[in-house]
Amino acid sequence: MEHAVALQLVIVLAVGTALVALCLRFGLSPIIGYLITGVLVGPSGAGWLPDGPTTRLLAELGVVLLMFTIGLEFSLPRLLWAKRLVLGLGGAQVVVTALLFGIAGMALGLTASQSFLIGVALAMSSTAIVLKQLGEQMELPAPHGRVATGILLFQDIAAVPVLVVIPILAGDTARLGGALTLAIGKAALVFVGLVLVGRRVLPPVLRWVASTRSLELFMLTALLMAVAAAGVSSLAGLSPTLGAFMAGMLLGETLFRHQIEADIRPFRDLMLGLFFATIGMQVDPAILLGQPGQVALVLLALVIAKPLILLPLVRAMGHTPVDAGRAAISLAQGGEFGLLVVATALGLGVIEPLVAQSLLAGIILSMLAAPMMLRANDRLGAGWFARDKGIEPLQAEAYIAEASQDFVQHVIICGFGRLGQNLLRVLTDEGVPALALDLDPERIRQVAAAGVPAMYGNPAHPGVLRAAGIERALALALTLEDATVAVRIVGLVRNMGLDLPILALSTQGRHDEALAEAGAMVFPEGLESSLAFAGQLLIMLDVAPSRVEARLNEIRAQDYAPLRAFYHASEGEGASVQALDYPEHKRSVLLSDGHHATGRTAHELGLEELGVELVDVRRGAIRVPGRLLDTRLRAGDVLVLKGRDEALERAISRLTEGG
């Protein structure tokens, strides 16, 4: 490597590191630092980072890995269940936005082809920026996050036929129908192929890789799957990100998705940083100075007109005004595919250079502003509608601080749904002061009018918690169903140096560990309801209430361990959900004469070293707890095992085949 090249790389890394650190210091998204880095070191700036095919390939790999990890959060049944959101709302957004912007383009004197492509380009939003920023803010599972994800997914799918159409618009438009049919057929074949491979081949391969206990091999396998799916999609003439998303979606049905995401995350974040830098490299300051009016028009169309078009569409799908506003603000920018559409049309001569440069500059400026708008989506979206409903003061931290100034040694309830309201009622009856925070403006308006101590505010913001008097609170109760937001709130409180008791609702077992590690006492709703049901039945059977309560408390003291392992469903989405929520489950094994375990003691089999517990052994009508068994096993014995799926597979293999 020449010294000049090495020096350039050092300078680029130094600029990027300094700007990202500066953004973090002032509470801004690192994305802004990457984008500004691209502007400063790109061809239009200092020229230290070349805008070549290698740079663009690495940048595209970042988007591929992002879509792969986003796909891990989905499953095929869940995606089919959300078809109304993806196809209905996503399709309506693309069609209506492109149509209105296209009509505006024709009114400005552009041709039909140019207006169509400009409308489609402006209808696209940035998948990479929106999903990364909402993910960092833990808002992807929220209603506005799901709406944004569904629309972005349809936009990625819609980009495929659009990119096919552009060369046709530059030549013979008579071939339009055939080309579109071919593209749709290719997408269907790729999807069917990935489903077959993902359902039949990948699970056993991943189980084998996991059995090697090699972190390096597992990480390489995960990267191979993501890149291979993108490559197959690209070879078929489709978007690489679409193939990566499909592969991630299929792997999201397996038990390995959390480990895969953890392994890929460092590579994804590094490549995404380079992707955002390449976006910044395309900004030409000369365009901003030469055509400020045209660039401002594009920017206003994206930041103001586009969310106003989306707003009624989201509301028509039954979402609340606040969720609709936050989703519209989240998508108020241009996107990677919009840049690609404009650049491709410019290269083929469909769009004139001056028009294309104004579009590129406006889209990139909107992407520069996107992280800040996404961070403020709750204030820009929820605040807007809160004012419309006449509860503007309830948004302000100052109002919360004023309303809660008399609360000392109180309980703060985050989330004011059914559970939160019942909890406040019980605490009030017991003379314990309590106040609630919630993000439903209509609910807060009603309960505030009734004199209930509940206020509009996002408890995931430290300023809101301080305004509610978290430093002088007696306890914190998190009744939110969104566990990711609850984990974030617990982390904020612990980072403030407060050690007050925190009780957090957990509706899914997979979140118990994260909440406990963050520093909360977990209330597992499903397990506790099992205890309450059993206790009520025992009392109906005339068992002494004191004995029932003692038995239930004994199970609680064991962190519900006797209830966390059970016989899971064999197939369907319910089985995968159970495996995620309760990874330990039970399996029964009937020994035969030819099995390795027959004639051996439980100690000789060494099941503990595999991470499996021998719970019981049933011999005829006799049941012996596994820890008390000291005789040799016989044919006909039924062994009840408890452990994780991979460990159980290895244990059953040892029992039957040895090794």
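Tutor: Helices here are DSSP runs of H or I with at least four residues, and strands are E runs of at least two. On that basis the chain has 31 helices and 10 strands. The model is predicted.

Student: How many of the residues of the chain count as buried?

Tutor: Of 659 residues, 48% count as buried. The accessible surface of the chain is about 30,700 Å². Carbon and sulfur atoms account for 63% of that surface.

Student: What share of the contacts join residues at least 24 apart?

Tutor: The share is 71%, counted among contacts between residues at least 6 apart in sequence.

Student: How do you know what helix 6 should span?

Tutor: Helix 6 covers residues 112-123, which is 12 residues. The expected span is 1.5 Å times one less than the number of residues. That gives 16 Å for helix 6, and its end C-alpha atoms are 16 Å apart, so the two agree.

Student: What makes helix 6 mostly covered?

Tutor: Nine of its 12 residues are buried. They are Q114, S115, L117, I118, G119, V120, A121, L122 and A123.

Student: Which members of the largest nonpolar core touch the most other members?

Tutor: L117 and L122 do, in a core of 62 residues. Helix 8, residues 143-169, gives this core its largest share, 10 residues. Another core lies apart from it, with 28 residues, among them V464, I470, V485 and V522.

Student: Which residues is L122 in contact with, leaving aside neighbours within four places in sequence?

Tutor: F101, V298, L302, K306, L359 and I363.

Student: Why is S125 called buried?

Tutor: The cut-off for buried is under 20% relative accessible area. S125 has 2%, so S125 is buried. S125 sits in the loop between helix 6 and helix 7. Beyond residues up to four places away in sequence, S125 touches L152, Q155, K306, L331, Q333, G334, G335 and E336.

Student: Why is M540 called exposed?

Tutor: Exposed means over 50% relative accessible area. M540 has 59%, so M540 is exposed. M540 belongs to helix 26, residues 525-540. Together with L537, L538 and L541, M540 makes a nonpolar surface patch of about 390 Å².

Student: What makes E554 and R551 a salt bridge?

Tutor: The rule asks for a side-chain nitrogen of Lys or Arg within 4 Å of a carboxyl oxygen of Asp or Glu. The closest N and O atoms of E554 and R551 are 3.4 Å apart, and the pair forms a salt bridge. The structure holds six salt bridges.

Student: Why are E554 and R551 separated by about one helical turn?

Tutor: E554 and R551 are three residues apart in helix 27, residues 545-557, so about one helical turn separates them. An α-helix has 3.6 residues a turn, so residues three or four places apart point the same way. E554 is partly exposed at 42% relative accessible area. R551 is also partly exposed, at 40%.

Student: How do you know that R654 and E609 tie together parts apart in sequence?

Tutor: R654 forms a salt bridge with E609, the closest N and O atoms being 2.8 Å apart. R654 lies in helix 31, and E609 in the loop between helix 30 and strand 8, so the pair ties together parts that are 45 residues apart in sequence.

Student: Are R654 and E609 buried or exposed?

Tutor: R654 has 15% relative accessible area, under the 20% cut-off, so R654 is buried. E609 has 58%, over the 50% cut-off, so E609 is exposed.

Student: Which distant parts of the chain does the pair of D637 and R619 link?

Tutor: The side chains of D637 and R619 meet in a salt bridge at 2.8 Å, N to O. D637 is in the loop between strand 9 and strand 10, and R619 is in strand 8, 18 residues apart. D637 is buried at 1% relative accessible area. R619, at 23%, counts as partly exposed.

Student: What is the phi of Q409?

Tutor: Phi of Q409 is near 55 degrees, a positive value in a residue other than glycine. Q409 is in the loop between helix 20 and strand 1. Its relative accessibility is 45%, so Q409 counts as partly exposed.

Student: Where is D542 found?

Tutor: D542 is in the loop between helix 26 and helix 27. D542 has a positive phi of about 70 degrees, although D542 is not a glycine. With 72% relative accessible area, D542 is exposed.

Note on methods. Residues are numbered from 1 along each chain as its sequence is written. This is a predicted model: local features need pLDDT of at least 70, side-chain atom pairs count only at pLDDT 80 or more; totals for chains, interfaces and linings use all residues. Side-chain values use heavy atoms; hydrogens and water are left out. Buried means under 20% relative accessible area, exposed over 50%, partly exposed in between (1.4 Å probe, protein chains only). Contact means heavy atoms within 4.5 Å. Accessible areas come from the Shrake-Rupley method with a 1.4 Å probe; for residues, only the protein chains shown count as cover. Patches are made of residues with over 30% relative accessible area and no salt bridge: like charges are joined within 9 Å, nonpolar side chains (Val, Leu, Ile, Met, Phe, Trp, Tyr) within 5 Å. A nonpolar core is a set of buried Ala, Val, Leu, Ile, Met, Phe, Trp, Tyr and Cys residues joined through side-chain atoms within 4.5 Å.
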